[in-house]
Amino acid sequence: QRYAGHQQESISTGDKGTMLFDSLCIKSTKYADLLNDLAVAYSDIYDYEKAIQMQEQANAIYEGTQDWLSLAEGLNHIGNCYRNKYDLDNAEIFIKKGLDVLSQNVTTEQYVLENINEAQRQKTFSVVQDRVQGANSGFYNNLANVYSEKGDNDKAIEAEKNAVEILRNRPDDEDLYISYLGELAILYKKDARYDEAIEIEERCLNFWEDYGDKVNISLSQSELASLYFEKGDTIRAIGYADEAVLTSRSIGDKLEIAEGLGFLSILYWKSSKYEEAEKCLSEALDYIQIMLQPQMKEMTSEQKQRIWNKYRNYFILYRDIVYKGEKDERKLSKLYDYVLFSKSLLIDSDLFNDELSARLNITWKDVQKKLTDTDIAIEFIATIEERTDTIQYGVYHALVIDKECQYPQMITLLHKKELGTRPETIGDLIWEPILIKYPKIKNIYFSADGVWNALPIENLLMTKTPFLLENYNIYRLSSTKELIKSHKKSIMSKAV
């Protein structure tokens, strides 16, 4: 049942089995195997506390019956449970215990002699040898992951080398050997050993191409793109990143396509090729929206926050690409819509499913329909900060729509450095460019961004005409899509 994906049914059946064994007071290896299967089933549903509890009971029986190989595998499983609980110290302790049990108590010959009857020994020798060596290699690979997550890259490399070495001359495990080599390349990259990492990763790519494994071909191509990018060879990086996207397209994996396009857009952006960057990132964000919309109906606030943390850089990068590249109707329209969608990841957590689904599909055109001739709606945004030595400067803009515009307008307002150097003129820098462009408006609906969420920009004075803002009704919104959700009269009662 567990292998068929029915973990809960597997746990229910396993619990009945353990009760039967308990009633018979039987503490055999078969009972331990049942507890072990239960432990794995609990791991599959992320109940690591219960998994550890079951595995410790199984391990006690394995130790009592001197089934050292099963005990070692059980200790490793507990280590993995602790790793998944982010308890890396205990993860390291238990995986090492598993390795110690293997090295001190288990050889293939010994295990076969002690556990297999004479008639079956020759037949099962190679099977047991595979299990012992596979366990050793897998334990070292797990230990390498733990060290890597703890930030000890030297120990991670040493452990991964051990995992690789055990599998080096095992043709039946060549695919696993290549996978571990790929993980070693990633560790070398962390140490800036790019040439060694590239040599390994190119070997991996050749193997997966011969093997015909498109998923791993795409992963190797992406990793080579990352390595060449880190090395400073952007041209080769773009070449491999483009190949990775093509491979992902042939598989049809939308998530890999989106992430591949996202990385490719970063490479183009770094090369100041903003048109190419915009095309890639626009397609990536469209894929992300398509994938997220059905899922978001069931997401908690915490899950949405994690999704935002994962993809926020893509949404922010798109702002910068549009700002630095050639602006046109399509790009500015998409930019406004991406701002609306990204805010839904953060502010629409508690809506019912049907309402959330409708809110996710709101566009700037829908907002525009709610405006009168004397209204404008503004999404204030910040683009990526430009670094000069140790000082970081950001640029703030207003995305503005009115009743008649064909597409949103992007008005550049000020640099972040001006917030601190001329605080008395911030009101002028923010509002004057907007009011000059829209002289007939009376109502301003705006949503802030970044540090402006904590800045009362609607209350700022303008030095040239101190009381100019008194001529306008200014409404702060969490998103301009509130004009769709709320009654306008309700919003207008909150005017500054």
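1. Helices here (H or I, at least four residues) and strands (E, at least two) are DSSP runs, numbered from the N terminus. This is a predicted model, in which local features need pLDDT of at least 70, side-chain atom pairs count only at pLDDT 80 or more, and totals for chains, interfaces and linings use all residues. Residues are numbered from 1 along each chain as its sequence is written, and side-chain values use heavy atoms, with hydrogens and water left out.

2. H10 covers residues 194-211, 18 residues in total. From first C-alpha to last, H10 reaches 25 Å, close to the expected 26 Å (1.5 Å times one less than the number of residues).

3. Several residues of H10 are buried, among them Tyr194, Ile198, Glu201 and Trp208. Buried means under 20% relative accessible area, exposed over 50%, and partly exposed in between (1.4 Å probe, protein chains only). The buried residues of H10 pack against helices H9 (174-190), H11 (214-231) and H12 (234-251).

4. Arg193 sits in the loop between H9 and H10. Arg193 is partly exposed, at 28% relative accessible area. Leaving aside neighbours within four places in sequence, Arg193 is in contact (heavy atoms within 4.5 Å) with Ile157 and Tyr188.

5. Thr480 is in the loop between strand E5 (473-477) and helix H21 (482-485). Thr480 is buried, with a relative accessible area of 0%. Not counting residues up to four places away in sequence, the residues that Thr480 touches include Tyr336, Leu340, Glu379 and Ser447.
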